[in-house]
Amino acid sequence: MEFMKLVDSYKEDIIRSTQEIVRIKSVEEEGKLNMPFGEGPYRALEYALNLCEKMGFNTKNFDGYAGHADFGEGEEMVGILVHLDVVPEGDGWTYPPYGGEIHDDKIYGRGTVDDKGPAIACIYAMKALKESGVKLNRKIRIIFGTNEETGWGCMHHYFKHEKAPTMAFTPDADFPVIHGEKGIIVFDLVKKINTSGCSGIAIENIQGGNAANMVPDYCEAILSSENPSMVEEKLNNFVENTKYPLTLERKGDKIKITAKGVSAHGSTPEKGENAISYLMAFLGKLMDGSCDICNFIKIYNDRIGFRHHGEDIGCGFEDDVSGKLNFNPGVIKLDKEGIKLTINVRYPIKSSAKEVYDGIRRNLEGTGIDLVEGKSDMKPLYVPKDNFLVEKLMKVYREQTGDVESQPITIGGGTYARATENAVAFGPVFPGQKEVAHQKDEFISIDHLMKITKIYAHALYELAK
């Protein structure tokens, strides 16, 4: 296949384009005129469309929400759905999160694997097919979204103006093929706090986490105490016994306690270390009275804590298709208004948001903690394994990798495959490969980037020929 050789010849361009788009900090911000999700996501969209235009593709910008680039003819269309926004960078990076720096043949930066690197790979896969002159019977279109991480307003806007592809894939999950995705909801557990302390200790503030769909890597509490030395002694003993990553800083009569965790994607909370849970575990030992905040802390530790499947808070559902529910406490905030804990749940394909909400509410009856439902319920996705799209992509994956053992899988992650009919997620992470999306020091190796470009070129050829 001539287009495979062309991919190799693009290597330096693929690397440079990935670096350039990673340098654009495309975290959602307050919207501006024609920039509904802020300047960063818009600049990333503008960059991608300009790159495609230089390659000779037909491009269109949909009011700054989304855009597309396509080539070829035909009534039917093969779509690629990618996103150019990223989650916040968090702390603790070895290399600049928006530097696009290369170290040990790896490109580092937020979005390298989720989802800017794969987006660039797909653009160059399209370029290879176009320049090879291979005959195709279907049009190929890449669709760029700009707020996948925070609400999907981009896709809602796009599909109000454009028809959906005949079939599509998104390079925003795992190989070999994702034929099922769990349902996703985000909601708050809230409690009004009238008494935030007892026994000479008061908690004035708690804050932690960057986004609901990230395992929080940082959480802090500000305390006041009549006996700061006692608090410090208790913390030292706790850390010595548990080895939890907690530190204490004294400023006059104020005490700042900090917990450091390890970030991970909210769909796989077991792969991270939750800083909120570390902090709450200590506060539970420090505050063992019956004040409002003490009661909330106790409920957190007894029913959430370090559990990842909602088993002790009334929503421990699982099924034979997609496995156990995933439960991630992503953001916490305590202020004068009360305490709010934002939860990200991935519920099994055969369950429902209603079951989750009903189960948690029953579990929390009488605690004074209210569940405030989120605005969206991202329904589960399921495409049978014998579907044409799944079979074709599995064929490509096996031919390109030599892996004939792996089978189509289901995940807790939510991808753009849900945005249209007859769509699945396809890569970019290989089985057994370290998951770095939403983590500090996110990277994609140059070999990996080149490999997926070839896989996507081959996949587009098979689907469009």
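A pocket is an open set of points on a 1 Å grid over the protein atoms alone, with protein on both sides within 12 Å along at least five of seven lines. A cavity is a set of such grid points where a 1.4 Å probe fits but cannot get out, and lining residues have an atom within 4 Å of a point. Grid points are joined across faces, edges and corners, and a volume is the space filled by probe spheres set on the points.

This is a predicted model: local features need pLDDT of at least 70, side-chain atom pairs count only at pLDDT 80 or more, and totals for chains, interfaces and linings use all residues. Residues are numbered from 1 along each chain as its sequence is written, and side-chain values use heavy atoms, with hydrogens and water left out.

**View 1. The second largest pocket.** This pocket holds about 230 Å³ of space. Its lining counts 13 residues, and the closest to the centre are Asp91, Asp217, Gly261, Val262 and Lys440. By class, the lining has six charged, four polar and three nonpolar residues. Here Ala, Val, Leu, Ile, Met, Phe, Trp, Tyr, Cys and Pro count as nonpolar, Asp, Glu, Lys and Arg as charged, and the others, Gly among them, as polar.

**View 2. Helix 7, residues 275-286.** Helices (H or I, at least four residues) and strands (E, at least two) are DSSP runs, numbered from the N terminus. Helix 7 has 12 residues and spans 17 Å from its first C-alpha to its last. That is close to the 16 Å expected at 1.5 Å a residue, where the expected span is 1.5 Å times one less than the number of residues. Helix 7 is largely enclosed by the rest of the structure, because 10 of its 12 residues are buried. Buried means under 20% relative accessible area, exposed over 50%, and partly exposed in between (1.4 Å probe, protein chains only). The buried set is Ala275, Ile276, Ser277, Tyr278, Leu279, Met280, Ala281, Phe282, Leu283 and Leu286. At the start of helix 7, a side-chain oxygen of Asn274 comes to within 2.9 Å of the backbone nitrogen of Ile276.

**View 3. Aromatic pairs around Tyr244.** Rings of Phe, Tyr and Trp (its six-membered ring) pair if their centres lie within 6.5 Å; planes under 30 degrees apart count as stacked, over 60 as edge-to-face and the rest as tilted. The structure holds 22 aromatic pairs. In one of them, Tyr244 and Tyr278 have ring centres 4.8 Å apart and planes at 55 degrees, so the pair is tilted. This pair links distant parts of the chain, 34 residues apart: Tyr244 sits in the loop between helix 6 (228-242) and strand 14 (246-251), Tyr278 in helix 7. Tyr244 is partly exposed at 23% relative accessible area, whereas Tyr278 is buried at 10%. Tyr244 also forms a tilted pair with Phe306, at 5.6 Å centre to centre and 50 degrees between the planes. Phe306 is partly exposed, with 36% relative accessibility.

**View 4. An aromatic cluster.** Six rings belong together here: Phe169, Phe175, Tyr397, Phe426, Phe430 and Tyr456 form one aromatic cluster.

**View 5. The largest cavity.** The whole structure has two cavities of 30 Å³ or more. The largest holds about 60 Å³ of space. Its lining consists of Val215, Pro269, Asn274, Ser277, Gly305, Phe306, Arg307, His308, Phe327, Asn328 and Pro329. Strand 18 (residues 326-335) supplies the largest share, three residues. Five lining residues are nonpolar, five polar and one charged.

**View 6. The second largest cavity.** Its volume is about 50 Å³. Leu189, Phe296, Ile299, Tyr300, Ile304, Ile313, Leu341, Leu364 and Ile369 line this cavity. Helix 8 gives the most to the lining, with three residues. The class count is nine nonpolar, no polar and no charged residues.

**View 7. Asp70 and Arg141.** Asp70 belongs to strand 2 (residues 66-71). Asp70 is buried, at 5% relative accessible area. Its side chain makes a polar contact with the side chain of Arg141 at 2.6 Å. A polar contact is a pair of N or O atoms within 3.5 Å; within protein, one must be able to donate a hydrogen and the other to accept it, and residues adjacent in sequence count only if both atoms are side-chain atoms.
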